[in-house]
Amino acid sequence: MLNWGRRTKSKHEKKKKFHWQLIVVLIAVAIGLAKAWQIGSVWIDARNAIREASATEEPAEDFRPDVGDPPYTVAVDAGHGGDDPGATGLIVERDMTAATSEALLSWLRSDSNYIPVTTRDSYDVTATPTERAKRSNSQHPDLLLSIHGNAASTEASGFECYPITPGRTWHRESVYFARLLASGMEAAGSNLRGQQGIRYIYYENGVKVLAEANDLRIREEETFTLLEESRCPAVLAEQCFVTSAEDVDRFGDQDGCQLAARVYYEAICAYFGTQPIVSLEE
Ligand SMILES: [Zn+2]
């Protein structure tokens with residue numbers, strides 16, 4: 001009875017010991033896996049930090065584009081038109097871009113320093129970005145501005161613009177123009193999104209990916225087709241959110257489009273170093 005009892009106790013002890021050994025092994029394996037994962041993630045963090053640090057060398061602040069002599073040909077691209085309304089909110093993006101483009105063209109037509117050209121025959125014409133880029137390039141512009149409106153389901157608001165991306169021809173000139181546009185819009189009352197209103201867009205497998213202005217990594221992924229195919233410095237501006245009442249009030253209604261157009265005109269004059277005119281020719 002005693003022996004049997006002892007034997008039983010011993011079996012229990014063996015089982016207990018085995019359980020403890022298993023638990024210790026499992027803990028050791030878990031710690032090992034956790035460490036390996038931690039080292040892996042630290043390494044990835046480090047790689048990202050190094051990449052970011054190496055890519056944050058901004059184009060020199062004293063950079064000025066080599067613009068030559070006037071007159072300068074400026075392509076104005078109304079971002080949407082015809083059967084393509086763009087975003088719809090409190091206003092329709094197509095209407096806003098048409099009104100702003102027309103007002104900007106009026107300023108440029110009145111200023112003898114400029115030859116304004118367009119990327120579509122009329123605002124009623126539907127034209128793809130490739131067609132508009134072709135049309136722009138065929139007129140050999142010195143600068144291209146594409147006018148758009150933003151939209152969001154949230155209460156987002158403000159201005160942002162997208163220059164030609166790092167590594168491409170005309171990147172520095174495009175950033176230079178983008179800075180002028182953004183600082184003008186800020187001074188006119190817009191809040192700037194991202195880093196001082198300048199961002200890059202890339203399409204990764206058809207998905208739009210946003211990069212901030214200090215991310216100067218050279219990527220294979222393409223940005224907006226119009227910018228990618230432009231043969232001159234180019235910026236795509238998101239004037240305001242068509243979904244924001246405050247934004248529409250400032251830069252989306254008739255007066256707002258006039259104001260934005262004047263800001264764009266001022267930025268164009270600053271880019272080329274010309275004196276802006278003060279009133280439109282009758
Ligand atoms: Zn648009």
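## Helix α4 against α7

Helix α4 crosses α7 in a right-handed sense; handedness is right-handed if the near helix is turned clockwise from the far one by less than a right angle, left-handed if anticlockwise. Helices (H or I, at least four residues) and strands (E, at least two) are DSSP runs, numbered from the N terminus. The model is a predicted one: local features need pLDDT of at least 70, side-chain atom pairs count only at pLDDT 80 or more, and totals for chains, interfaces and linings use all residues. Residue numbers start from 1 along each chain as its sequence is written.

The axes of α4 and α7 come within 9 Å and cross at roughly 140 degrees. Axes are lines fitted to C-alpha atoms, for helices over the stretch in contact, and angles run from 0 to 180 degrees between N-to-C directions. The two helices are therefore oblique to each other (under 35 degrees is roughly parallel, over 145 roughly antiparallel, 65 to 115 roughly perpendicular, the rest oblique). On the α4 side, the contact uses Y176, F177, L180, L181, G184 and M185. On the α7 side, it uses V263, Y264, E266, A267, A270 and Y271. Contact requires C-beta atoms, placed from the backbone, within 7 Å. By class, the residues divide into 10 nonpolar, one polar and one charged. Ala, Val, Leu, Ile, Met, Phe, Trp, Tyr, Cys and Pro count as nonpolar, Asp, Glu, Lys and Arg as charged, and the others, Gly among them, as polar.

## Helix α4 itself

Helix α4 covers residues 171–187. At 1.5 Å a residue, its 17 residues should span 24 Å, and the end C-alpha atoms are 24 Å apart, which agrees. The expected span is 1.5 Å times one less than the number of residues.

Most of α4 is covered: 12 of its 17 residues are buried. A residue is buried with 20 or more other C-beta atoms within 10 Å of its own, exposed with 12 or fewer, and partly exposed in between, with C-beta atoms placed from the backbone. The buried run from E173 to A182 takes in S174, V175, Y176, F177, A178, R179, L180 and L181. G184 and M185 are buried too. The cover over these residues includes β3 (143–150), β4 (160–163), β7 (234–241) and α7 (254–272). Just after α4, G189 has a positive phi of about 115 degrees.

## Other partners of α7

Helix α2 (residues 93–110) also packs on α7, at an angle of about 45 degrees with the axes 8 Å apart. That makes α2 oblique to α7. The crossing is right-handed. From α2 come M96, A99, T100, A103, L104, W107 and L108. They meet Q254, C257, Q258, A260, A261, R262, Y264 and Y265 in α7. This contact has 11 nonpolar, three polar and one charged residues.

Helix α6 (residues 245–252) packs on α7 at about 60 degrees, with axes 5 Å apart. V248, D249, R250, F251 and G252 of α6 meet G256, L259 and A260 of α7. Four of the contact residues are nonpolar, two polar and two charged. Within α6, the buried residues are D247, V248, R250, F251 and G252. Their cover includes α2, β3, β7 and α7.

## Backbone exceptions

Most residues other than glycine have a negative phi, and most peptide bonds are trans. W170 is not a glycine, yet its phi is positive, about 75 degrees. It sits in the loop between β4 and α4. W170 is buried, with 20 other C-beta atoms within 10 Å.

H140 also has a positive phi, near 45 degrees. H140 lies in the loop between α3 (129–138) and β3. With 12 C-beta neighbours inside 10 Å, H140 counts as exposed. A cis peptide bond joins P70 and P71, with omega about 0 degrees. P71 belongs to the loop between α1 (2–55) and β1 (72–78).

## The whole chain

The protein chain has seven helices and seven strands. Along the sequence, the order is α-β-α-β-α-β-β-α-β-β-α-β-α-α. Of its 282 residues, 38% count as buried. Among contacts with a separation of 6 or more, 72% join residues 24 or more positions apart.

How values were computed. Two residues are in contact if their C-beta atoms, placed from the backbone, lie within 7 Å.
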